Amino acid sequence: MDLSGFRDPQIARNLIDAINATAVEPVKFMEVCGTHTVAIAKHGLRDVMPESITLLSGPGCPVCVTSNADIDTAIEFARQPGVIVTTFGDMMKVPGSYSSLSNEKADGRDIRIVYSPLDALDIAERNPESQVVFIGVGFETTVPVIASAIEQAAARGIENFSVFSAHKTVPEALRALVNDPDVQIGGFILPGHVSTIIGLEPYRFLAEEYSVPSVITGFEPIDVLQGVYMLAKQVAEGRAEVEIAYTRAVPPAGNPAAIAKMDEVFEPTDAEWRGIGVIPATGLAIREQYARFDALKRVPVQPPETKETKGCQCGEVLRGVTLPFQCKLFAKSCTPEHPIGPCMVSSEGSCAAYYRYTDYGKSA
Amino acid sequence: MCLAIPAQVKSIGEMNMSEVDIMGVSRHVSLDLVPDAKEGDWVLVHAGFAIQVVDEEYANETLELLKEMSMVEDEAGLAEGA
């Protein structure tokens with residue numbers, strides 16, 4: 001499939017002109033996906049926006065929104081004898097209250113980076129004497145994948161595999177953001193790959209209850225510009241709807257097979273988001289039926305009391321209240337080489353994206 | 001983290017595992033979440049699983065629409081910044 005058209009400079013120029021002609025009133029659009037954060041920064045899309053449009057990055061990086069309490073718990077698993085912790089690579093360097101998985105690995109704990117939870121299953125199969133705990137972090141894009149791995153563990157009779165579910169779901173977090181008096185969000189650039197799973201229905205309340213326009217958007221430069229244009233058009237025409245720009249990957253109903261797997265294994269629970277606090281029903285707990293694959297039940301741990309890092313404004317950055325370069329630590333004591341908070345650690349974090357792709361906050 | 005990469009299904013084997021081609025590189029991914037995927041289909045791959053079948057027609061349609069929009073705006077002089 002040739003997707004080069006989605007980087008076509010002429011189409012981009014025309015979309016930028018169309019956005020300029022449409023966006024008259026000042027408005028803030030927020031994306032809530034780390035992949036959008038990177039795409040917007042990498043392609044310099046903020047620089048081509050008219051003055052009227054501010055593009056904000058919200059809590060779209062799953063690693064960044066993971067609370068210190070959850071990171072501390074993941075670390076405690078690694079400290080238990082006979083436990084192999086498996087994780088996606090992005091989690092390794094994220095600091096918890098006192099340590100990180102990366103530090104623990106350096107201290108000799110058995111922590112392994114995997115590309116897929118299926119790799120963790122294979123590790124469990126090869127190490128029958130160990131308990132293999134997978135650190136489950138991610139949004140709806142990732143959750144069905146983890147659910148499927150748990151089902152496969154059950155089917156393959158792999159009983160020494162369990163998941164620490166620190167997953168989160170996106171739509172109700174958007175409600176918390178529109179209810180936040182500190183940020184006036186005029187529209188959402190909705191996450192394309194979360195939506196490829198859940199479809200458009202779960203976002204309907206944004207339009208119906210809050211009259212906030214939203215557009216499900218892809219990740220190529222043209223995709224993002226198209227999403228922004230459709231939002232600007234809704235604002236100009238006084239409409240508030242959930243629209244799909246990323247039609248090639250997002251059917252209105254999402255992926256029903258993936259949703260069914262997610263519902264089979266997980267049930268909603270409250271979850272703590274860094275910077276936002278506890279949002280009801282945005283976490284996912286493993287259902288009783290699959291309790292033997294629940295790390296919290298298999299390997300009881302007592303994480304220490306949590307502590308927040310002084311001066312780090314990751315929480316405010318995640319809500320769009322503070323821009324990365326407005327934080328006192330940004331590009332000074334906090335850099336990708338020596339990150340202080342998660343927003344600088346994860347390559348998808350807003351701070352890391354601003355640092356890597358722009359000159360903001362850096363003295364000449 | 002929600003990155004998903006387009007890949008083409010080359011063959012479907014046992015236990016819903018399939019061989020896919022990702023920009024010339026061959027990988028094994030699970031088709032558990034896309035039960036209707038067929039050989040030759042384009043899928044989005046995330047963490048070792050295909051999570052959606054990509055609709056090539058919609059991709060082309062979107063580009064056509066955007067090109068048409070450009071032409072309309074070219075005529076209106078917008079593209080020249082007028």
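What is the order of the strands in the open sheet of five strands in chain A? The order is 2-1-7-8-9, and the pairing is parallel. The model is a predicted one, in which local features need pLDDT of at least 70, side-chain atom pairs count only at pLDDT 80 or more, and totals for chains, interfaces and linings use all residues. Residues are numbered from 1 along each chain as its sequence is written, while chains are lettered from A and ligands numbered from 1 in the order in which they are written.

Helices (H or I, at least four residues) and strands (E, at least two) are DSSP runs numbered from the N terminus, and two strands pair if DSSP finds at least two bridges between them. Strand 2 (53–57) and strand 9 (242–244) of chain A each have a single partner strand, so they stand at the edges with one side left without a neighbour in the sheet. On average, neighbouring strands of this sheet are turned by 25° against each other, direction ignored. Strand 1 (residues 27–31) of chain A is joined to strand 2 of chain A by five bridges in the parallel sense. Lys28(A) has Thr54(A), in strand 2 of chain A, as its bridge partner.

Helix 2 of chain A packs on this sheet and touches strand 1, strand 2 and strand 7 (187–191) of chain A. Its direction makes about 120° with that of strand 1 of chain A. Angles here run from 0 to 180 degrees between N-to-C directions, and axes are lines fitted to C-alpha atoms, for helices over the stretch in contact.

Strand 3 (residues 83–87) and strand 5 (residues 131–136) of chain A pair in the parallel sense over four bridges. Ile84(A) has Val132(A), in strand 5 of chain A, as its bridge partner.

## Packed helices

Two packed helices are described by the angle between their axes and the distance between the axes. The table gives these values for two pairs.

| Helix pair | Angle | Axis distance |
|---|---|---|
| Helix 2 and helix 16 of chain A | about 15° | 9 Å |
| Helix 1 and helix 11 of chain A | about 20° | 9 Å |

Angles under 35 degrees count as roughly parallel, over 145 as roughly antiparallel, 65 to 115 as roughly perpendicular and the rest as oblique. Helix 2 and helix 16 of chain A are therefore roughly parallel to each other. Helix 1 and helix 11 of chain A are therefore roughly parallel to each other as well.

Two residues are in contact if their C-beta atoms, placed from the backbone, lie within 7 Å. Thr37(A), Val38(A), Ala41(A) and Lys42(A) of helix 2 of chain A make the contact with Ser350(A), Ala353(A), Tyr354(A) and Tyr357(A) of helix 16 of chain A. Among the residues of helix 1 of chain A that meet helix 11 of chain A are Ile11(A), Leu15(A) and Ile19(A); the helix 11 side includes Leu225(A), Tyr229(A) and Lys233(A).

The elements of chain B run β-β-β-β-β-α from the N terminus on. Of its 82 residues, 35% count as buried; a residue is buried if 20 or more other C-beta atoms lie within 10 Å of its own, exposed if 12 or fewer, and partly exposed in between, with C-beta atoms placed from the backbone.

In the model, 43 residues of chain A are in contact with 33 residues of chain B. Helix 1 of chain A supplies seven residues, the largest share of the side of chain A that touches chain B.

## Two residues with positive phi

Most residues other than glycine have a negative phi. Ser211(A) has a positive phi, near 55°, and is found in the loop between helix 10 (204–210) and strand 8 (214–217) of chain A. Ser211(A) is exposed, with 12 other C-beta atoms within 10 Å. For Ala281(A), phi is near 60°, again positive. Ala281(A) is found in strand 11 (residues 277–286) of chain A and counts as partly exposed, with 13 C-beta neighbours inside 10 Å.
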